2 protein chains.
Amino acid sequence: MTYCVGMLLNKGLIFMSDTRTNAGVDNISTFKKMFTWSNPGERVITIMTAGNLATTQALVSVLDERTKAPKDRKPSILQAPSMFQVANIIGDTLREIIRDQKDEGQQASSTFNATIIIGGQIKGSEPRLFLVYPEGNFIEASKETPFFPIGETKYGKPIILRAYDPDMSFEQATKLLMVSFDSTIKANLSVDLPIDLQCYEANSFNVTHEKRIYKDDDYYLSISSGWGDALKAAFEELEDFKF
Amino acid sequence: MTYCVGMLLNKGLIFMSDTRTNAGVDNISTFKKMFTWSNPGERVITIMTAGNLATTQALVSVLDERTKAPKDRKPSILQAPSMFQVANIIGDTLREIIRDQKDEGQQASSTFNATIIIGGQIKGSEPRLFLVYPEGNFIEASKETPFFPIGETKYGKPIILRAYDPDMSFEQATKLLMVSFDSTIKANLSVDLPIDLQCYEANSFNVTHEKRIYKDDDYYLSISSGWGDALKAAFEELEDFKF
């Protein structure tokens, strides 16, 4: 599995993704799941991927090739006039890749599906965040649902539901996502460090912060143990049940 | 879906189950998922069920009928000499019911599977807790894995992993399970109140506490809002990330 979260803040966008891929439990590897294309000063587009690794790698390669061959019949995400069109291109490309893999060749027992989070900003409009389904259609984040998790989403959702605030700083939002990732990593073998972090400040049209966080990262370790202690203390403070 | 947790404590056993059943999101009902058979003073056996409702109701009815017709060819769980034999009987019965439904009649798109938690004590041995799979085989809780969740298990697991302590009182364990249930109910429509609670004190051979907790239960409401506030406060106390 995978765990990635994209989140819309008043300050901009924040992305976090793990790097574990697995085929069963005895075949695990580390692969990056966060990819960025940009025209500095004009647009930044970041995607995160969950699902079949061959599908997501093919998607990234196709998107990447098209940005380098601008005369391709198909438009590049670096030329698209809006984030909506970017999501359209990525959705169409994803659907084609899945369809091509299904039609021919060997049959695999697992599916070729993948789900994609897209976030970014193009000059002239606000930062936007999308979730693309394997069918190629997509939804956009809004004030009511300002974040999208993909992959192994359940363990880490309760804390985001409780602590998310659109006015958060990137520092606070990073803390929130680290707590959410730590809860997931503690409960599920198929999600693991290192994790990739990226922050995009609205109207900067450049990646603001980018960092890979490893197992021995001091801050991650302090969150991981500190959150356990804080949870226990918070739990102790609640009144016990009385029969 | 469903959410049920059975937990082994030094003091005995605690069980909590929700009551929501659903076929899609537009057909929801309330059904009890916790059932107890006892010979007061000699044995108490409690089961909780997740999965296809027709299967679990058939299982409960068959188990119940056999306790009332002691000369049945198949043994009753009230006659079995050990909790291991009780788990064997329930596993066999479950497998038969699933097999019978599969072999004949209409084909359903959903499966007839079910998963069962069994906990209890028979005079002469310790309290024991089992998890029975749809295939009829089962595993037993141990010191390393002292609790079994079934159904929609992921949202509520992180807090149990962090705060469980075998020395907990029933009052503290009830609080822990309520927090875990509240996290699940907040994140997933297919789990809902009322919830059933049962505590069994080791070597009492009688149900110690039994309670149904409704939506307007004062303690549940105080946990639900108090836990949100406590989580936020605990989260605030953690140091923010620094870029």
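1. A helix axis here is a line fitted to C-alpha atoms over the stretch in contact, and an angle runs from 0 to 180 degrees between N-to-C directions. The model to which this applies is a predicted one. In it, the axes of helix α5 (residues 218-237) of chain A and helix α5 (residues 218-237) of chain B come within 9 Å and cross at roughly 145°.

2. The crossing of α5(A) and α5(B) is right-handed. On α5(A), the contact is made by A:Trp227, A:Ala230, A:Leu231, A:Ala234 and A:Phe235; on α5(B), by B:Trp227, B:Ala230, B:Leu231, B:Ala234 and B:Phe235. Sorted by class, this contact has 10 nonpolar residues, no polar and no charged ones.

3. Chain B is superposed on chain A by a rotation of 180° with 0.0 Å of shift along its axis, at an RMSD of 0.0 Å. This is the relation of a two-fold axis. The C-alpha of B:Tyr155 is the one in chain B nearest the axis, 2.3 Å from it.

4. Of the interface residues of chain B, 100% are also interface residues in chain A, so the copies meet through the same surface.

5. Chain B has an open sheet of 5 strands in the order β5-β6-β7-β8-β9, with antiparallel pairing. Because β5 (34-39) and β9 (138-140) stand at the edges with a single partner strand each, one side of each has no neighbour in the sheet. Neighbouring strands are turned by 20° against each other on average, direction ignored.

6. Within this sheet, β7 (residues 114-122) and β8 (residues 128-132) of chain B pair in the antiparallel sense over 5 bridges. B:Gly119 has B:Leu129 of β8(B) as its bridge partner.

Note on methods:
Residues are numbered from 1 along each chain as its sequence is written. Chains are lettered from A and ligands numbered from 1 in the order in which they are written. This is a predicted model: local features need pLDDT of at least 70, side-chain atom pairs count only at pLDDT 80 or more; totals for chains, interfaces and linings use all residues. Side-chain values use heavy atoms; hydrogens and water are left out. Copies are superposed by least squares on the C-alpha atoms of residues with pLDDT of at least 70 in both. Contact means heavy atoms within 4.5 Å. Helices (H or I, at least four residues) and strands (E, at least two) are DSSP runs, numbered from the N terminus. A crossing is left-handed if the near helix is turned anticlockwise from the far one by less than a right angle, and right-handed if clockwise. Ala, Val, Leu, Ile, Met, Phe, Trp, Tyr, Cys and Pro count as nonpolar, Asp, Glu, Lys and Arg as charged, and the others, Gly among them, as polar. Two strands pair if DSSP finds at least two bridges between them.
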